[in-house]
Amino acid sequence: MGRLQAAVFQEADRYIRACMLELRGSGGAPSYEAFIRAFRFALRMRFDKTVDEIVRNDVLESRPTNIKKFKEVTESFRRLAEMVADVEQKIVDGTAVHDTFDNAAKASRKAVTWKALGLDAAREHANQVHEQCEGGQQEAQVAFDSADREFRSLKDDQETAAKKAAQYRKLREQHGAHADYAGLEGQIRGHHDRAERNARGMFDQLSQFRGFLKKAADAGVLDEEVMRSLSAESQKLAALLERFEQAEWTEIEAHLGTAVQAAQKAMQALNDIDGTLYQQLDAAKADFKLATESLERVKQGKMPLSPNVETLMRELRDEGINPVAVCDVVRITKKEWQPAIEAYLASNLQALLVSEHEERRAFEVYRGLPEKRAVYGAKIVMESRQQVGRHPEDGSVAELIEGTDPAAVAYLRGLFGDMVCATTTAQAMERGKRTLTQDGMLVGKGTIERLKPVREGDLRIGRDGGGQHLEAAKARLAACTTAVSKLTAQKQRLEALATVLRNIPQEDQVQMYLKRFWDEAESAEVTASALQGKLQGAADKEYVELGEKEKEWSKKARQLSADVTDANGRRGVAENACGERQKNVDTASARLTVASEAAEEARKDPEYDADYASSHWDVVVEKHDENYEGMAAYCKTKETEALKKVEHEVTTGSRLLGEFLSKYREQAGEQVLGDWRKGQAWIADILKRLRDTELLHYKEQMENAYKVSQETFRNDVALALNQNIEALDLTMNQLNGVLKECPAFTNGERYQFKLTIRPHFKQLLEFVKNIASFGPQEDLLGGAGEIPAQFKELLDDKIAPGAGSIKSPLDDYRKFYEFDVEIIRDDPLTAKPKVVGQLSKRLGPGSGGEHRAPLYVIAGAALASAYRLDRGNRDGIRLILLDEAFNKMDPTNITATMRYLQDLGLQVLMASPGENLGVLTAYLHRYYDIAKDPVRNVILINGHDVTEETREMFMSDDLDTYPELIEQEVNRMRGAGTTAAQPV
């Protein structure tokens, strides 16, 4: 202690270390850390940790393993493992890019193949049409030949009749009576011609009337009932015209009446349809205008708007107001949150923002839209009422919204308010907060809702409206164009039909007009008949007969002339039809040639997949049979789907490629970034280099480092661990030996420290012991064997980022075991010790004494280990301090505990209640009575020395110290019993 007197310590730990060094015993200098933990535990005396932790950290010495060299090797392994992990992650990310582009390539091959299949179907359709045209041409040729023969036959008959008429006229003119009766015949012919002209005029008018009715019936724009009525009247007039020469005026008059009534009904129905069609055409033109504006939006890189929003925007612009869609002027800073944010905002994204000076006018326009143009459900955002400039809270959803228009940003932020972005369940369910998760879970003040995140292709904010949206906008515009064209064509047909129906006069007008023709024809016929009778009564019979023959053949010639004209017309129609059919054949042949060339050219495409085409062509044929138009349409649909897939995969792949370049600081040319096929080839080269060069190189170095770490572990770490484990076994045996010899505690209980090997480290522990037994080197006899897999796992754990402070069995031998304290009692039947429980399981239901006795056992063992008393040494520092010692403990536990501490070799300095003095005196050398004088308010301390005789006296009735007392008492009791049995 002389050296301590000359030194002054500024730090308490340095002073304690110096004292422990000076007061060390023959077992060696006490462990400072173990002493501090054990000393504090003895003063604290409570189970504030598990039994395993107390035994591990407070009883057993830490004995750290010197693994400096091993750590250096593992650090090298760690760096190489990080390199391998980085390369492997780079390969994973690159593979994701390559696979995405590969999916695009597969979809592209499918698109090319479906295009070829569609062209094959188009070729088959063209061939089918060509065959149909050839069949139609042949039928037209047959019809023409038939019409031509009919025409020629009638032509010959007409020429024959004309010759006959001319022959009889010549004979009549050469007759002697011709000079006398020529004037009368001229009059008769004149009246016959007048009658015929009027009859022909009436016939032509009825034919024209009938044509109007038929054209109206065949127009196809009227109701079925009206068309049936017109068709019936047309057929009635056609039948009347066929027997016109036998018809009476009353019959004609009746047909005219019903026909005119049908035409008037048709005109009324036409007027109704025209009004409806006018409205439909206006609506179609409005849709066309909206579709045109929508296409312009998409071409500008904006997403299409809903129809009601488009309509309101058009109405406002027509009034000189310039609204802006909110989704066009905002953006989401974290794209992974955008699907959930847009799901929450829903239609608010399409709200139309108007400037402050246009707000009132926008309200008036919106409100004043007439019923036919009324718009519902579209929102107008007023710029003046937005809280511009208000900064959102950190971590809120509103914080993710930014944009070029402060009012639009403020509007959307206001919809979210204080809603917080949540990534875990705990954050999402934090009391008193509204939260939104990335997958759409919405937690309100008292509700939970799940939103469906918006799909990638339907996102509106910051999205390019190209791709499928451009195609959709074009398709919409095409559909609107078609609708306008159809309605315009229908309107033209209605106007043409109205013109036709307007040509039909009123019933009284048409009857008056035709009746004049009828009366004129009838009067001429009467006059001609009278003159003919006069001629027949006065003229020569032969002359009259010649006149009759001439008249007969002339009439026949005129009839045949009309028939020839009709036949010639039919022949011309047939000839025209034949020519048209031939043109159709030529056109179909040209189309077939083009389709065949296109199909053959499509098959030459490098991406054409013959196997895929073969397998799917059979399916298409089975589904559509010979409906080649349906086949082509189906193939076009599949091609479009494949192209959309290509677009989606290319977009995703380009995004992943950009992230790959940014993450790994790679450089790629503009061609690689602009052409996804070149991007795929570029990433494939990168992956090949990574797999074939870098990864193999780093893995080889890592394996070498792993082997070196194994050798280092065998030669250095394992032997040190085995020494520590042997020291642990020795310490546990010594402590348990002391516990076994000390008196039993309450209820006859004894305690034993127990260790159990952790199953996960069992093989590694056996390997450590085998190295100690067989040596670190492997030889022909096998040596200690292969290092278990747990070694690699521990190595990975140690090199993991942030794992530097984590202890493992490689650092601390105690990690191999689980520790506990067994509770043992003697079996009442066999008198052999029997384990009745473990201290870790007892904590809780036992009494105070049952809990405190093990605390003293553990505290004594911890200090004995710290003082190196576990090696049988009894010199040097051995102090244990106990506060409120043995409080609430029964004499049996107190006696057993004091014997245990005494057998460990510890020197006990304690403060204890006075009622324990009778039991403790047998173990004391000196004690102090401490009392307070209430009168003088002072503390009185009286010291007492306990002599050896006093200790022996107090110990004299201890049965564990003097077991013969039991036998003496038994003999005494037996003697007393014999005396009591003798008769008096």
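This is a predicted model: local features need pLDDT of at least 70, side-chain atom pairs count only at pLDDT 80 or more; totals for chains, interfaces and linings use all residues.
Which hand does the crossing of H17 and H18 have? Residues are numbered from 1 along each chain as its sequence is written, and side-chain values use heavy atoms, with hydrogens and water left out.

**Whole chain.** With everything displayed, the secondary structure comes to 28 helices and 16 strands, taken as DSSP runs numbered from the N terminus (helices are H or I with at least four residues, strands are E with at least two). Of the 984 residues in the chain, 40% count as buried, where buried means under 20% relative accessible area, exposed over 50% and partly exposed in between, with a 1.4 Å probe and protein chains only. Among contacts with a separation of 6 or more, 73% join residues 24 or more positions apart, a contact being heavy atoms within 4.5 Å.

**H17 and H18.** Select residues 610–624 for H17 and 628–664 for H18, which pack at an angle of about 130° with their axes 9 Å apart; axes are lines fitted to C-alpha atoms, for helices over the stretch in contact, and angles run from 0 to 180 degrees between N-to-C directions. The two helices are therefore oblique to each other, since angles under 35 degrees count as roughly parallel, over 145 as roughly antiparallel, 65 to 115 as roughly perpendicular and the rest as oblique. The crossing of H17 and H18 is right-handed. Trp 617, Val 620, Val 621, Lys 623 and His 624 of H17 make the contact with Gly 630, Met 631 and Tyr 634 of H18.

**H2 and H3.** Next, select residues 12–22 (H2) and 32–44 (H3), whose axes lie 11 Å apart at an angle of about 105°, which makes H2 roughly perpendicular to H3. Showing side chains here, one finds Asp 13, Ile 16, Arg 17 and Met 20 of H2 meeting Tyr 32, Glu 33, Phe 35 and Ile 36 of H3.

**H4.** Moving to residues 51–59, helix H4 is mostly covered, with seven of its nine residues buried; these are Val 51, Asp 52, Ile 54, Val 55, Arg 56, Asp 58 and Val 59.

**Cysteines.** Finally, select Cys 480, which counts as buried at 11% relative accessibility, and then Cys 578, which counts as buried at 10%. A search of the whole structure finds zero disulfides, a disulfide being a pair of cysteine sulfur atoms within 2.5 Å.

Key
A crossing is left-handed if the near helix is turned anticlockwise from the far one by less than a right angle, and right-handed if clockwise.
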